[in-house]
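Please keep the sequence and the coordinates in view while reading.

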Amino acid sequence: DDSTWVYPSEQMFYNSLKRKGKGEDVKAEDVHKMVAIHNNMNEKTWRELLMWERFHCHQCDDPRLLRFLGRPDDLSPKARLRMLMGQPAPFDRHDWVVDRCGKEVRYII
């Protein structure tokens with residue numbers, strides 16, 4: 001069933017960190033905890049997106065996640081502004097693309 005989101009394995013998560021240059025200090029025994037936190041954050045984010053989608057329930061009462069794209073090297077305009085004001089750079093960026101009954105809507109997290 002392609003309507004169910006499947007999270008990456010611990011190995012896939014670790015490989016992703018290494019590929020992004022963020023896994024130098026990561027110990028293999030810590031990856032299990034990191035994946036649990038990551039997955040929990042994704043679930044929380046999805047619930048938050050669904051809350052925002054409720055404002056559009058007259059257009060669509062069943063929004064679906066189409067894509068989830070990590071963009072670690074791309075800063076959003078908000079992130080750039082915050083950095084100009086002295087805030088640290090965000091750890092990562094993800095674009096969540098929701099199918100609002102035929103209309104693609106992008107959320108930048």
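How many residues lie between E2 and E3 in the hairpin that they form? The hairpin of E2 and E3 has two residues between its strands, and Cys101 in the turn has a positive phi of about 50°. The model is a predicted one, in which local features need pLDDT of at least 70 and side-chain atom pairs count only at pLDDT 80 or more, while totals for chains, interfaces and linings use all residues. Residues are numbered from 1 along each chain as its sequence is written, and side-chain values use heavy atoms, with hydrogens and water left out.

The protein contains three helices and three strands, where helices (H or I, at least four residues) and strands (E, at least two) are DSSP runs numbered from the N terminus. Read from the N terminus on, the elements follow the order α-α-β-α-β-β. The C-alpha trace spans about 50 × 40 × 20 Å along its principal axes. Of the 109 residues, 24% are buried; buried means under 20% relative accessible area, exposed over 50%, and partly exposed in between, with a 1.4 Å probe and protein chains only.

Two strands count as paired if DSSP finds at least two bridges between them. Within this pairing, Val97 stands opposite Arg106 in E3. In a regular strand the side chains alternate between the two faces of the sheet.

A pair of aromatic rings is described by the distance of the centres and the angle of the planes. Here, rings of Phe, Tyr and Trp (its six-membered ring) pair if their centres lie within 6.5 Å; planes under 30 degrees apart count as stacked, over 60 as edge-to-face and the rest as tilted. The count by this rule is three aromatic pairs. Trp46 and Trp96 are stacked, because their ring centres are 6.3 Å apart and their planes are at 10°. Since Trp46 lies in helix H2 (residues 31–53) and Trp96 in strand E2, this pair ties together parts that are 50 residues apart in sequence. Trp96 is buried, with a relative accessible area of 4%. Phe68 and Trp96 form an edge-to-face pair, with 4.6 Å from centre to centre and 90° between the planes. Phe68 lies in strand E1 (residues 64–70) and Trp96 in strand E2, so this contact ties together parts that are 28 residues apart in sequence.

Side chains of opposite charge can pair when their charged atoms come close. A salt bridge is taken as a side-chain nitrogen of Lys or Arg within 4 Å of a carboxyl oxygen of Asp or Glu, and seven are counted by this rule. Asp95 forms one of them with Arg71, the closest N and O atoms being 2.7 Å apart. This pair links distant parts of the chain, with Asp95 in strand E2 and Arg71 in the loop between E1 and helix H3 (77–84), 24 residues apart. Asp95 is buried at a relative accessible area of 4%, whereas Arg71 is partly exposed at 22%. Asp95 forms a salt bridge with Arg93 too, with 2.8 Å between the closest N and O atoms, and Arg93 counts as buried at 8% relative accessibility. Asp95 and Arg106 meet in a salt bridge at 3.3 Å, N to O; this pair connects strand E2 with strand E3 across 11 residues. Through shared partners, salt bridges join Arg71, Asp74, Arg93, Asp95 and Arg106 into one network.

Among the residues closest to its centre are Arg93 and His94. H2 gives the most to the lining, with six residues.

Technical notes. 1 Å grid on protein atoms, 1.4 Å probe; cavity = no way out; pocket = protein on both sides within 12 Å on 5 of 7 lines; lining within 4 Å.
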